[in-house]
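Please find below some notes on the model, arranged as numbered points that run from the whole chain down to single residues.

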Amino acid sequence: MDFRYTPEQEAFREKLSAWLDRNMAEVFGEARDPLAQTDEDGERRWQRTKEWHRCLYEAGYVALHWPKEWGGGGADLVEQAIYQDEVLKRGLPLYGANQLAIDRIGPTLMFMGNDEQRQRYLAKMLTAEEIWCQGYSEPNAGSDLAGLQTRAVLDGDDFVINGQKVWTSLAHRADMQVLLVRTDPDAPKHRGISYLLVDMKTPGITVRPLVQITGESDFNEVFYDNVRVPRENLVGEVNQGWQVSIATLMYERVSGGTRHPVERTVNELIGVAKTVEFEGRPASQHPYVRQKLASLSTEALCLRLSRYRSLTAQLNGKVPGPESSFGKLHATELNLRAAMFADELLGPYAPLERGSLGAIENGRWSYRALRARGLTIAAGSSEIQHNIIGERVLKLPKGR
Ligand SMILES: Cc1cc2nc3c(=O)[nH]c(=O)nc-3n(C[C@H](O)[C@H](O)[C@H](O)COP(=O)(O)OP(=O)(O)OC[C@H]3O[C@@H](n4cnc5c(N)ncnc54)[C@H](O)[C@@H]3O)c2cc1C
C-alpha cells in the first residue's frame with residue numbers, strides 16, 4: 001500500500017489539524033489529558049466535553065462517517081481514518097459528548113430502524129441534545145450477553161420492563177438508552193431478545209452510580225420497576241433484538257480497536273524516560289528501558305499498520321476482516337502493558353495521584369495504570385476476543 005496522502009487528502013488533514021489545535025486550546029486550555037480526571041474533576045470535564053461537542057458539530061466534524069442525508073459529513077474512508085489519527089493523537093474524544101450514539105447507535109438505526117425512528121432520534125444525537133447510553137450487561141450476563149434476564153412484557157401498546165442492568169456507562173447523564181430485554185423466556189436464548197429505545201426519564205427507572213478504582217463514576221447500575229415503553233420504540237421485530245444488537249456490537253468492536261490512543265501513550269512514555277532516572281542513571285540510557293520502549297513502540301506501529309491494512313481492504317471493496325477483534329485485543333492489551341511499564345519506570349512515584357506531593361505529571365500515569373485494565377474488559381473482554389479469533393479466524397475447535 002502507498003501510505004502517502006493525495007494532495008486533496010493532505011489538504012484535508014492540514015485544515016483539520018489546524019482547526020483541532022486552535023479549538024482544543026480554547027476549550028481544554030492547558031489540560032494535557034482532555035479525557036482524564038488528572039486535570040480536573042468529573043463535572044467540569046463533562047461540561048468541557050459538551051462544549052467540545054458543540055465545536056465539532058458547528059464545524060461539521062462530529063459525524064464524518066454518517067451520510068450527508070442524515071446530517072453527517074459523508075466523508076470517505078481515508079478522510080475518516082485521517083480524522084481518527086489526528087483526534088487520537090491529541091487525546092481528544094472521537095465523537096464529542098455522544099460517543100455511543102454517533103459511533104454505533106445512530107448507524108444501527110440507519111440500517112435497522114424505521115423512518116420515524118431515524119427522523120425522531122438522529123438529528124438530536126448529532127447536536128448532543130440527547131445523550132445516549134447502552135443497557136446490555138447485567139449482573140449475570142456480560143460475556144454471555146444472550147443470557148440476559150431483564151424482562152419486557154407487552155401490555156396494550158407498551159412494553160412493561162422489570163429487571164436490572166449494570167456497568168452502564170453514562171447512564172447518570174443520558175437522556176436515552178438502547179436496552180436489550182427478554183421478550184420470550186421460552187425461546188432459545190438468542191431468539192427471545194428485543195431491542196428497545198428507552199427515555200431515561202420514564203417513571204420506574206433508578207440510576208445508581210458505581211465508583212471505579214480511579215475514583216471516577218462513569219458507569220452505573222440501572223434498575224427497572226414496571227417501566228412502560230411505547231411499542232413504537234422497538235427496533236426491528238419482537239424477539240429479533242439479537243440481530244440488531246450484533247450490528248451495534250460490530251461497530252463497537254471496529255471502533256474499539258481504533259479508539260485507544262496507544263501510540264500517543266507510548267510516545268509520551270518515551271518522553272518520561274528522558275526525564276527520570278532508572279537504577280541510578282538516566283532512564284533513556286538504560287538498556288532495559290530502551291528495549292522495553294522499542295518493543296512497545298514497534299507494537300504500536302504494527303497496530304497502526306494493521307489498521308491501514310484493514311482500511312486498504314475496505315477501499316478495495318472487501319468487508320473488514322478479523323482486524324476488528326485483533327485491533328480491540330491488541331490496542332487495549334498494549335495500552336495496559338504500557339501503563340504497567342510506566343509503573344516500573346516510575347518506581348515509588350508511580351502510585352502518587354493527582355495533587356500528591358511529588359506526583360509525576362500530576363498523577364496521569366497512576367491514573368492510566370488504574371484505568372487501563374477496564375478497557376481490556378469493556379466491549380468484550382480479552383478472553384472473549386481470544387475466543388473469537390481462535391474459533392472464527394483460526395477455525396480452532398470450540399473450547400469446553
Ligand atoms: C469501562 C467499562 C465500561 C462498560 N460500559 C458498558 C456499557 O456502557 N453498557 C453495558 O451494557 N456494559 C458495559 N460494560 C460491561 C462489559 O461489557 C462487561 O463487563 C464485559 O462484557 C464482561 O462481562 P462481565 O463483567 O459480566 O464479566 P464475565 O462475563 O462474568 O467474565 C468474568 C471473567 O471470565 C472470563 N470469561 C467469561 N466467559 C468466558 C469464556 N467463554 N471464555 C473465556 N473466558 C471467559 C472474562 O473474560 C472475565 O475475565 C462496561 C465495562 C467496563 C469495564
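1. How many helices and strands are there in the protein chain? There are eleven helices and ten strands, where helices (H or I, at least four residues) and strands (E, at least two) are DSSP runs numbered from the N terminus. With a radius of gyration of 22 Å, close to the 21 Å that the globule rule gives for 400 residues, the protein chain is as compact as a globular protein of that length; the radius is taken over C-alpha atoms, and the rule is 2.2 Å times the number of residues to the power 0.38.

2. On provenance, this is a predicted model, in which local features need pLDDT of at least 70 and side-chain atom pairs count only at pLDDT 80 or more, whereas totals for chains, interfaces and linings use all residues. Residues are numbered from 1 along each chain as its sequence is written, and side-chain values use heavy atoms, with hydrogens and water left out.

3. The C-alpha trace of the protein chain spans about 75 × 50 × 50 Å along its principal axes. Of the contacts (heavy atoms within 4.5 Å) with a separation of 6 or more, 72% are accounted for by residues 24 or more positions apart.

4. Of the 400 residues, 50% count as buried, a class that means under 20% relative accessible area, with exposed over 50% and partly exposed in between (1.4 Å probe, protein chains only). The protein chain exposes about 19500 Å², of which carbon and sulfur atoms supply 52%; accessible areas come from the Shrake-Rupley method with a 1.4 Å probe, and for residues only the protein chains shown count as cover.

5. The protein chain has 49 positive and 53 negative charges, and their mean positions are 4 Å apart. Lys and Arg count as positive and Asp and Glu as negative, while His and the chain ends are not counted; the place of a charge is NZ of Lys, CZ of Arg, CG of Asp or CD of Glu.

6. With a disulfide defined as a pair of cysteine sulfur atoms within 2.5 Å, the count comes to zero. Cys133 counts as buried because its relative accessibility is 0%, whereas Cys302, at 42%, counts as partly exposed.

7. Phe159, in strand β3 (residues 158–169), is buried because its relative accessibility is 1%. Leaving aside neighbours within four places in sequence, its contacts include Leu154, Leu196, Val227, Val229, Leu234 and Val238. Val227 lies 68 residues from Phe159 along the chain, yet the two C-alpha atoms are separated by 7.9 Å.

8. Ser366 lies in helix α10 and is buried, with a relative accessible area of 6%. Apart from neighbours within four places in sequence, Ser366 is in contact with Ala350, Pro351, Leu352 and Glu353; Ala350 is 16 residues away in sequence and 5.6 Å away in space, C-alpha to C-alpha.

9. Ser381 sits in the loop between α10 (364–375) and α11 (382–393), and counts as buried because its relative accessibility is 12%. Not counting residues up to four places away in sequence, Ser381 touches Ser143 and Thr376.

10. Which backbone angles deserve a second look? Most residues other than glycine have a negative phi. Glu361, however, has a phi near 45°, and Asn362 has a positive phi of about 55°. Glu361 is found in the loop between α9 (323–346) and α10, and Asn362 lies in the loop between α9 and α10. Glu361 is partly exposed, with a relative accessible area of 28%, and Asn362 is partly exposed at 35%.
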